[in-house]
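Please keep the sequence and the model in view while reading.

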Amino acid sequence: MLGIYHDARSPVHRLPAGAKILVLIVGAALILSESDWSRLAIAGVSVASAFALARIPAGVAVAQIRPALWILGAIFLFHALIGEWRLGALITVRFVIVLALASLVTLTTRVSDMMAAIERALGPLRPLGVKPATVALCLSMAIRFVPVLSNEAAAVREAQRARGLERSLTALASPLILRALRMADSVAEALHARGYDPEGLEPSTTDEPPKGAQRPASD
Amino acid sequence: MNTSISQTRDLAYVALFAALIAALGLIPAIPLPFIPAPITAQTLGVMLAGAILGSRRGALAVLVFLALVAIGLPLLPGGRGGLAVFAGPTAGFLFGWPVGAFVVGALMERFWDRVDFILATFFSIVGGVFVIYFFGIAWLIAVVGVAPLAALTGSLAFIPGDLIKAVVCASVAMTVKRAYPLIAQSRA
């Protein structure tokens, strides 16, 4: 399955995922609380130069922010109507910069690197009962089954169309869920049969996907 | 004795339901008469996660789905995804999803023995509409800085579609309850 990641060779791509996420969190907090236009301009120019450094085409960058633009436009318009156009512009500009920064992190970081970063970040939470390897296994299983269930959804929809039920969400969701739950049972049995022990040692599962998640279990 | 297999099964339910929420978002929106915003089935998946898996597993399934979105998979309607959606003006609705699923699940668990279609619809509306809109509108007001009245009226357009989804969720949950009573199993 294709991610949003945009492949290129650049210093931004080479930065570790954890570092980029940290910059994003700190940057977003600073930008969203900034009311000084000259500092916002500096932030905007910095993010734009980072895009150039990462060799992201302008079209790709704009496509990431476009879905939020109409809401931001509506917010600006509303503030302009009540005479607060300056505040409206401030909110809009702040969000465009933060959204661009967040998109840059996603565009320059592979899904697998993000997953490894999540697993590392969860490490310190082990004393609270969080199992990073189990979380990673769960994420890779979910990724594996998105195309499987997506095909199932298309098949069920096709069958319901033949019965004239193409507008019924109930007729789509019920069989789809029953199939997903049966698949989950087969996957759990396959994992169990291969000696997977949820209470066992925490092995690293990011390098090789677990055997049970390799292929979808048949009904 | 067989806690290990039941834990493994919970893991599989969470993973498969996360994938199901994604799959529901990938099917094209169904246009309905009299509803201004097209209906995407994704928030239906969020309500169903709670109604079918229960509070804990349901909320975890939604969190796993949101993690897939965060790491850069384009699984939200319209192929949106990545970290930007969690910083955007409508991010509050996403943050409300796991809480909404938890609330639907907790209500279903509490009233499992006498839950019927009407009660399930009510629970789906409480968790899947009220809770999620509370987070979404609170974010719009507190973080984005939208005036409360504008945040409320702007969100109203999506309420009819979400009410329909709550009815669908209840009907599906009742069907699945008969065939696959997962919440009863986990309580036993």
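A polar contact is a pair of N or O atoms within 3.5 Å, where within protein one atom must be able to donate a hydrogen and the other to accept it, and where residues adjacent in sequence count only if both atoms are side-chain atoms. By this rule, seven residue pairs, both at pLDDT 80 or more, are in polar contact across the interface of chain B and chain A. This is a predicted model, in which local features need pLDDT of at least 70 and side-chain atom pairs count only at pLDDT 80 or more, while totals for chains, interfaces and linings use all residues. Residues are numbered from 1 along each chain as its sequence is written, and side-chain values use heavy atoms, with hydrogens and water left out.

There are also two salt bridges between the chains (a side-chain nitrogen of Lys or Arg within 4 Å of a carboxyl oxygen of Asp or Glu); Glu189(A) and Arg9(B) meet in a salt bridge at 3.3 Å, N to O.

The extent of the contact (heavy atoms within 4.5 Å) is tabulated by chain.

| Chain | Residues in the contact |
|---|---|
| Chain B | 63 residues |
| Chain A | 65 residues |

The buried area (accessible area, 1.4 Å probe, that two parts lose on being put together, summed over both) is about 5300 Å², of which carbon and sulfur atoms give 81%. In chain B, Leu11(B), Leu16(B) and Ile71(B) lose the most area to chain A, together 13% of what that side buries.

Notes. Chains are lettered from A and ligands numbered from 1 in the order in which they are written.
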